[in-house]
Amino acid sequence: MIRPDFVFRLFIGLLGTFLFRLPSVAQVHEYIPLTPDERIVKLWGEINGWRENDVAAQARLDSIKTLAKEQGDDRLFWYVVLHQIWYRSNIQSRRGKPATAYEEAKSYMETCPFEVVRASYYFLYGQYTFRERLDFAKAFRLLFRARSIFETIGYENIPEAVYYLSRFGDDYYWFEDYKTSIQYMELAARFANNKLVPQYRCQNTRGMAYQRLKDYKKAEQAFKNVVALAKAQPDTAWVGIGSNGYGNTLRLMGRNQEALPYLYQDVALNAVKVPESAALSCLFVAQSLLSLDSTAKAKTYIDRARTLYNDYRFSLYWVNYYETLTAYLRKTGNPAKAASYLDSTITLKDSLKVVFSNKALLLAENTTNAERYLSNLDQVEREKSNAILIRNIIIAALFLLGMSGLYAFNLKRQKLEQEKQLEEEQRKRADEQLAHAKAQLDQYLTNLKEKNELITQISEELVSARQDSPEQVAIQTQQVNTLRNSVILTDKGWQQFRQLFEQVHPHFFDLLRQTYSDLTPAETRLLALLKLDVSSKEMAFMLGVSAESVRKSRYRLRKKLEQKAAETALRTVIEQL
C-alpha cells in the first residue's frame with residue numbers, strides 16, 4: 001500500500017524539480033557563445049553557490065550535460081559528470097551519511113578519455129579524503145597522482161589551474177612546508193582567475209607562510225595586498241581576515257600599539273561571518289594588551305574568544321589560547337597556574353606536530369618523486385619531452401617499488417589477521433568444548449544424585465513396608481540393589497567419569513601424580529570427588545561403601561598428605577590441583 005506522505009513528498013519533489021529546472025535550462029544557454037575553456041571556468045566558478053538548493057543544482061548540472069552533448073563538447077560533459085559526483089558527495093556529508101560517491105564512481109571515471117578530468121577526479125577525491133576523512137596516506141596518493149598528471153599536461157593548458165594550485169598551497173601550509181606553499185601560491189598567481197579563486201585568498205596563505213618563516217616584511221606586504229584586493233571586490237569578511245594577519249604580524253614584530261586597530265577591525269567584521277578569525281584576533285588583541293600592561297581589558301578579550309567559535313579542526317586556536325592565558329596568569333601573579341597552561345600548550349603543539357608531520361608529507365612525496373612543476377617552469381617547457389620521459393621512468397620505478405612494499409606489507413598483514421582469526425577460532429572451540437564437558441559432567445553428577453535420592457526414598461519405603469507381602473518387599477529390594485549397582489563407580493564407570501573430569505580439569509591427575517606419587521587408586525578417586533564437592537553421602541553410594549567409611553578414608557588421606565607438608569589442609573591441596 002502506498003503511504004499518503006510518500007505521495008505528497010513525491011509530488012513536492014517533482015514540483016520543485018519543475019520549478020527550479022525551468023530557469024536553469026534558460027540560463028544554461030549562456031554557455032553556448034563561450035569557448036570550451038571559458039565553459040570550464042564558468043562551470044567551476046558557479047558550483048560553490050549551489051550548496052543551499054539540491055534540486056536546483058542537480059537540475060542545473062543535468063542541463064549543462066545535455067548542452068554539452070548537443071554542442072559536442074565532450075570535455076565539458078565529463079567535467080559535469082565529475083561535478084555531479086562531487087555534489088553527491090557533499091550532499092551525503094551534509095546529511096550525516098558516509099560519502100561513498102567518489103569510491104562508487106571510481107571504475108567509471110577510469111574510463112574517462114580526458115586525462116585532465118581524471119586528474120581532477122583524483123584531486124577532488126584526495127581533498128575530500130584529506131579534509132573530511134583525515135586519511136592522509138590515501139589522500140596523498142590521490143593528490144600526488146593528480147599533480148603528476150597536471151604537471152605532464154602543463155598548468156598553462158588547464159583553464160581551472162588556479163583552483164588546484166591554490167589548494168596544493170594550502171595543503172603544504174598545513175603540513176608546515178611553508179616555502180613550498182609560497183611557491184605554489186606564486187604559481188597560482190600566474191594563472192590568476194578571480195572567478196575561481198580570489199587573489200586575496202592566495203595572498204593570505206602567502207602572508208601566513210611568510211609569518212611562519214618570520215619573514216615579517218614580506219608577510220606585512222602580503223596582508224596589505226589581501227586588504228586592498230578584498231576592499232576592491234568588496235568582501236568585508238576577507239578585509240577582516242587580512243586585517244587579522246596584518247595586525248598579528250605587527251604584534252609579532254613588537255609593534256603592539258599599531259597592531260590593535262587592525263585586530264579590532266577583524267573582531268568587528270567577522271564576529272558573525274568568520275568567528276574563528278575573530279576569535280584568534282581576540283587572542284592577539286589580548287596578547288598585545290598584556291604587552292601594553294592593560295591586563296583587565298586583555299581578560300575581556302580572552303573571555304570573548306571562548307564565546308566566538310567552538311569548531312577548531314585544523315586550527316591553531318587552542319595553541320594561541322593557552323599561550324595567551326599563560327601570559328595573562330604570569331602577568332596577574334599566578335605562576336603555578338601559568339606553568340600548568342604552558343605545559344598544556346607544549347603538549348598540544350607536540351600532538352599537532354604528530355598529526356601534521358612534515359615527514360609524512362615527504363615520505364608520501366618520495367613514493368611518486370614527481371618533478372615539481374613550479375621549480376623551473378620555463379626550463380620544463382623547453383625540455384618537456386625529455387623531462388616527461390625521465391620523470392615517468394622514475395615514477396614507474398618508484399611506483400613498482402612502492403607497490404612491492406605495499407604488497408609485502410599486505411601479505412604480512414593478511415597472514416597476521418589469519419593467524420589471529422585462527423587463534424580466536426581455536427579459543428572459541430576450546431571454550432565450547434570446555435562448556436560442553438562441564439555440562440556433561442554436571443549432568444553425570446546430577447543423574448547420580450537423583451539415583452541416590454531414589455535409593456534413599458525406596459529404602460525408607462522398605463522400612464515402613466515390612467508388613468507388606470514378602471513378594472512386594474523382594475521386588476523393591478531388587479530395585480534398590482539394581483540402582484545401587486548403577487551408581488557405584490565400577491572400573492568401566494570410573495573410566496567414563498575420568499574422561500569427563502579430565503576435560504574440565506585437564507591437569508588434575510598429572511599434578512596429583514607428580515606431587516603425591518604414592519597415592520592409591522581409591523585415594524585418587526576420593527580426591528577427584530572432593531574436587532567436585534560431592535557430599536560424603538553421595539560418595540558412599542558412588543564408591544559402594546558406607547558414609548562412615550568415606551569419613552575414615554578422608555581422615556587417613558589427610559594424615560597421609562600431612563606427612564609431606566604438616567601445614568597442608570586437604571581443601572588447600574584440592575584447590576591447588
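How many helices and strands are there in the protein chain? There are 28 helices and zero strands.

## Basis and overall make-up

This is a predicted model, in which local features need pLDDT of at least 70 and side-chain atom pairs count only at pLDDT 80 or more, while totals for chains, interfaces and linings use all residues. Residues are numbered from 1 along each chain as its sequence is written, and side-chain values use heavy atoms, with hydrogens and water left out.

Helices (H or I, at least four residues) and strands (E, at least two) are DSSP runs, numbered from the N terminus. The protein chain has 577 residues, of which 43% count as buried. Buried means under 20% relative accessible area, exposed means over 50%, and partly exposed lies in between (1.4 Å probe, protein chains only). The accessible surface of the chain is about 31800 Å². Carbon and sulfur atoms hold 54% of that surface. Areas come from the Shrake-Rupley method with a 1.4 Å probe; for residues, only the protein chains shown count as cover.

A contact is a pair with heavy atoms within 4.5 Å. Among contacts between residues at least 6 apart in sequence, 64% join residues at least 24 apart.

Helix 4 covers residues 74-94. Its expected span is 1.5 Å times one less than its number of residues. For 21 residues that gives 30 Å, and the end C-alpha atoms are 30 Å apart, which agrees. Of the 21 residues, 17 are buried, so helix 4 is largely enclosed by the rest of the structure. G96 follows helix 4 and has a positive phi, near 75°.

I40 lies in helix 2 (residues 36-46). I40 is buried, at 0% relative accessibility. Leaving out residues up to four places away in sequence, I40 touches R75, L76, Y79, P159 and E160.

M109 belongs to helix 6 (residues 106-109). M109 is buried too, at 1%. With the same exclusion of residues up to four places away, its contacts are W78, V81, L82, I85, V117, R118 and Y121. M109 and W78 are 31 residues apart along the chain, and their C-alpha atoms are separated by 8.8 Å.

## Salt bridges and cysteines

A salt bridge here is a side-chain nitrogen of Lys or Arg within 4 Å of a carboxyl oxygen of Asp or Glu. The whole structure has 18. Side chains of opposite charge can pair when their charged atoms come close. E151 and R147 meet at 3.6 Å, N to O. They are four residues apart in helix 8 (residues 136-153), so about one helical turn separates them. Both ends are buried: E151 at 2% and R147 at 1%.

D170 pairs with R201, with the closest N and O atoms 2.5 Å apart. D170 lies in helix 9 (residues 161-174) and R201 in helix 11, so the pair ties together parts that are 31 residues apart in sequence. D170 is buried at 11%. K218 and D215 meet at 4.0 Å, N to O. K218 is partly exposed at 45%, and D215 is partly exposed at 27%. E220, R255 and E258 form a network of salt bridges.

The structure holds zero disulfides (a disulfide is a pair of cysteine sulfur atoms within 2.5 Å). C112 is buried at 2%, and C202 is buried at 2%.

## Backbone exceptions

Most residues other than glycine have a negative phi, and most peptide bonds are trans. K214 has a positive phi near 60°. K214 sits in the loop between helix 11 (199-212) and helix 12, and is exposed at 62%. D293 has a positive phi of about 65°. D293 lies in the loop between helix 15 (275-291) and helix 16 (295-308), and is exposed at 55%.

Q233 and P234 are joined by a cis peptide bond, with omega about -10°. P234 is in the loop between helix 12 (216-232) and helix 13 (236-252).

## A nonpolar patch

F399, L400, M403, L406 and F409 make a nonpolar surface patch of about 510 Å². Patches are made of residues with over 30% relative accessible area and no salt bridge; like charges are joined within 9 Å, nonpolar side chains (Val, Leu, Ile, Met, Phe, Trp, Tyr) within 5 Å. L400 is found in helix 21 (residues 384-464). L400 counts as exposed, at 56% relative accessibility.
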